[in-house]
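The entries follow the order in which I looked things up.

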Amino acid sequence: MFLRIFIGLFGIVFIVLTFWLSAHFHLSTSTKLVIILAFALATFFAEVIIAIDNLEKRLKNAFPSLELSLKDQIAVNETIKLYNKLKRSHTGISTRIALADFEKIHHVLYQAEKGGDFVFHDIYSSSMILLAALEPGQSFKVVSNLTKRFYWKSGRDMTEHAKLNYRQAKRGIHIERIFILNTKDELSEIKEIMAEQKENNIDVSYAFRGDLDKMLPYASFAISVEQTTGIISHREDSLGKVTITSNDEIITDLATKFDDIKRQSIKLGSEIYQA
C-alpha cells in the first residue's frame, strides 16, 4: 500500500515536471509522449512486481508448507492426506482417539511458540531431543524412576536412548543421573544398568524414595539449565506422559531440588554401598 501511494505521488510530480521541462526546453509533443509512456511502462512493471509479491505472500499464507524444505513438505502433505482420509472414514474408536490426539498438536505448537508448558507423550523422544541438543561442557541432570532393566535394554527407543547417553557423555556433556528406588530388590535389579552407565562416563547415584521425605516433587524429571528446558513426569505409573517446560523459575527450582536429592543419594561405587 505504501509503495503504491509513493508511485502515485511520484507519478503526479513526474507528469508536472515533464510539462514544465517541455515548456522550458520547448520539447515536442512526441518527446513528451515518449517520456510519459516510459513512466507509464515503468509504473506498470512496478505494479506487476507488487502483484507478484502479494501473490507470493497469499500463497504462503494459504499454503504455509511452501516455506519448508521439500522433505518436510512431503511429510506434512502426507500427514494431511492421511488425516483427511481418516476424518472422512469415521471408522473405529481407535481412529477417533488418534484424530483427537492429532488435533491437540495446534495447542502444543502454540504453547511452544509462546514459551509455555505443554504435555508430550514420549518420555524417551523428549529426553533424546534435549540431550542431543547439548554441547560439550553443558549438563544434563536426571532424577529417574526408570529402575527396571527393560527400560534400558528392550525396544528400539530404549536402546537408542541409552546409546545417546553414552555418546553424549563421551563428547563431554556432564550427565548426572540419580535413580529413585522403592526397595533394595530394585537396587539389585538395576545395578547392572547403573554400572554400565558409570563405565560410560555418567555420574550415577541412587536414593530410596522413603529417605527423601518431601524432597521429590515429581515422579521423575530431567533438566538442562543451559538450555532452560525441563522434562517432568508427574506420575510413577505414567512414564510415557511428560510435561515440557522452559519456565526459568521452574528450571531453577528443579535444579535446587536435584542438588537436595543428590546430597541424600548414594554415589555408585562409594564406600557406603547398600546391597
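I first asked: in what order do the strands of the open sheet lie? I read the order β1-β7-β6-β5-β2-β3-β4-β8, an open sheet of 8 strands with mixed pairing. I took strands (E, at least two residues) and helices (H or I, at least four residues) as DSSP runs numbered from the N terminus, and two strands as paired if DSSP finds at least two bridges between them.

This is a predicted model, in which local features need pLDDT of at least 70 and side-chain atom pairs count only at pLDDT 80 or more, while totals for chains, interfaces and linings use all residues. Residues are numbered from 1 along each chain as its sequence is written, and side-chain values use heavy atoms, without hydrogens and water.

I noted β1 and β8 (266-267) at the edges; each has a single partner strand, so one side of each lacks a neighbour in the sheet. Helix α10 (residues 248-264) packs on the sheet and touches β2, β3, β4, β5, β6, β7 and β8, contact being heavy atoms within 4.5 Å. Strands β2 (residues 139-144) and β3 (residues 174-181) run parallel, joined by 6 bridges. Within β3, I178 is the bridge partner of V143.

I then turned to the largest pocket.

Which element supplies the largest share of its lining? I found α5, with 6 residues. Other elements that each supply at least two residues include α4 (93-103) and β7 (242-245).

Notes: Axes are lines fitted to C-alpha atoms, for helices over the stretch in contact, and angles run from 0 to 180 degrees between N-to-C directions.
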